[in-house]
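Work through the exercises below with the sequence and the structure open. Try each task before reading its solution.

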Amino acid sequence: MRLRSPASSSPALRGRGARWPGLALGLLLGSTTACNQELPGLGAGPPPGPAGTAEQLLSLRQLARFELSLDADARAALELAPKEWVKGTFEYEGEVFENVGIRLKGNHSFRELSDKPSFKLKFNKYVPGRHFLGLEGLTLNNMVVDASMAREWIGYRVFRELGVPAPRAGYAEVWLDGELYGLYLLLEPYDDEFLERVYDDPSGNLYESDRAADVDGDPDSWDQDEGEDESRDDLRVLAELATREGPEVFYGDEAVIDMERFLPFLAGEVLVGQFDGHMGGHNFFVYHELSDDRWSYLPWSLDQALSRRVTPWEQEGYLGYKCLHDPQCQVDYVLAAQQAVLRLQGIDLEAEVDALVRLTADAVEADERKPYQSSTVAASRDGALAWILGRPDELHPVLDCLVDGTQPDLDGDGYGPCFQDCDESDPSIHEGALELCDGIDNDCSGFIDDSPDCECPSVVSGGRTFYLCYNRIPWLDARSYCEEQGHVLARFDDAEQTAEVWAAAEAIAPGRWAIGLDDRAQEEDYRWQDGSAPDFTLWGPGQPAHQLDWFDCVFLNGGAWNECNCIEKGAFICSDD
């Protein structure tokens, strides 16, 4: 069972005159980089010289210029196996490094070498012990799915402000064999040097959840990025403790989660709308600090952040979900989220993003490999900044659900108002309650009668019945929901029928609606759920997306087909066949 966001208009989530008590979690949110250290060298005067330290490089102090070189054999190897290391040359400000490890990276942002790929560099891959400005590696992100070319920078900036272990970031123009490849986000990798910089004990194991690895699953499904012990025994111990019924993983003598970092991590994903991270069940790191046997969580893959307005209760990662269902952890999380909002308000993001824009303006114009116009970059940056600046006003009332630092339970049903009880006057209404198909949101999901047992509104078109289910769930869940009702995710006979059904759907709820079309089996071979190919096409502007195996599921938006990531949520349309 997974949490769904409650309706923002729920009486239980409105202000109750609750106070905003200080946290009783010691150093929670206390350790952070000072704001005035984030923008060195941006005052008046001549441009600064080359970076002399990693801190200067990974900042907005200057726009670095990196020149990469690959011989014919290395290029051929990367075309055949793009994520395998090859030898190349790296040059910065006249300093040349031979035999640097270079490979491509990315999943939904992956691009071939002939396009605008993301790169990973490893300076000590073939020359043991070698570093560049104290760094053993660098990550160069192509930002092809982030039209603002700023979301990742802003997102990691926010996490660092909250005291969450997160990478430093800057920008670089990258040249490959004399050809300009464009503007890249320059990102500090999670590696030995990062661990040594951030943790008292950097000798532990660092694991990555690339797609769906989590503490309640197979330990072998994690990627291990650092650490000498490859047995994964520590993950097994964590899993055993985490999957117990009680909160021992968080509190007590056996507790192993670093709550001073974990709670701000959860709050940080909410602040930046990181639906594609731990909140969504993947794309995060965990580190086991051996000296005190504590685990902390680290954010990753923020290129889709600052776009979706998630609520504080949308935690699908295992420990986030578990925390929200434990009374003590619920309260501590709300307190941490309140403090995180205040910390966000303390950052002068307008000034910092202005500095980012000034630093990268010429490079944006010169980047002919970016998949969008420069005017789109400018508009997207304005949108990203407005999005993050608006988060405090959106989150303050939602988080104002405690009274004197505790969560009340006015109707005595064992559920409080922070996210589990949307009606404190009725003990039969709370998170997880049975939907009775009675026109009431019995389970506090934010949607009325959102159970396959409850029939969705319907419309008849072309002799077939279509069911318009307006609760917003991922595409794959929508397919299962339709099947549980004895229907299928909708198939359409023609464009006229699609337009008629779309008009009825849009009248119920704006936004995208999932339909039963996808190319999951074979890229660019779109099929309805019965395996048949459509007799017509209705693609919107710039569609289909063709973003490898990550963008395979089709939604109706504006009456046209739009290909999206299958984890994207939307209302959905079922049909009788």
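**Exercise 1.** In which sense, left-handed or right-handed, does helix α9 cross helix α10?

Solution. The model used here is predicted. Begin with the general idea: a packed helix pair is described by the distance between the axes and the angle between them. Next, locate the two helices: α9 covers residues 349-366 and α10 covers residues 374-389. Their axes come within 12 Å and cross at roughly 165°. An angle over 145 degrees counts as roughly antiparallel, so α9 is roughly antiparallel to α10. As for the sense of the crossing, α9 passes α10 in a right-handed one.

**Exercise 2.** Which residues make the contact between α9 and α10, and how do they divide into nonpolar, polar and charged?

Solution. First list the α9 side: L349, E350, V353, L356, V357, T360, V364 and E365. Then list the α10 side: S374, V377, R381, L385, I388 and L389. Sorting the residues of this contact of α9 with α10 gives nine nonpolar, two polar and three charged.

**Exercise 3.** In what order do the seven strands close into a barrel?

Solution. Follow the pairing from strand to strand: the order is β1-β2-β3-β4-β5-β7-β6, and the pairing is mixed. Neighbouring strands in this sheet are turned against each other by 40° on average, with direction ignored. Strand β5 (residues 137-141) pairs with strand β7 (residues 179-187) in the antiparallel sense, over three bridges.

**Exercise 4.** Which peptide bond is cis at P544, and in which loop is P544 found?

Solution. Look at the bond from Q543 to P544: this peptide bond is cis, with omega near 0°. For the location, P544 is found between β16 (527-528) and β17 (551-557), in the loop that joins them.

**Exercise 5.** How does the radius of gyration of the chain agree with that of a compact globule?

Solution. Start with the number of residues, 577. A compact globule with that number would have a radius of gyration near 25 Å. The chain has 25 Å, so the value agrees. Along its principal axes, the C-alpha trace spans about 70 × 60 × 50 Å. The chain holds 13 helices and 19 strands.

Technical notes: Residues numbered from 1 in each chain as written. Predicted model: local features only at pLDDT ≥ 70, side-chain atom pairs only at ≥ 80, totals over all residues. Heavy atoms only, no water. Pairing = 2+ DSSP bridges. Helix = DSSP H or I, 4+ residues; strand = E, 2+ residues; numbered from the N terminus. Axes fitted to C-alpha atoms, helices over the stretch in contact; angles between N-to-C directions. Parallel < 35°, antiparallel > 145°, perpendicular 65-115°, else oblique. Left-handed = near helix turned anticlockwise from the far one by under 90°. Contact = heavy atoms within 4.5 Å. Nonpolar A, V, L, I, M, F, W, Y, C, P; charged D, E, K, R; others polar. Rg over C-alpha atoms; globule rule 2.2 N^0.38 Å.
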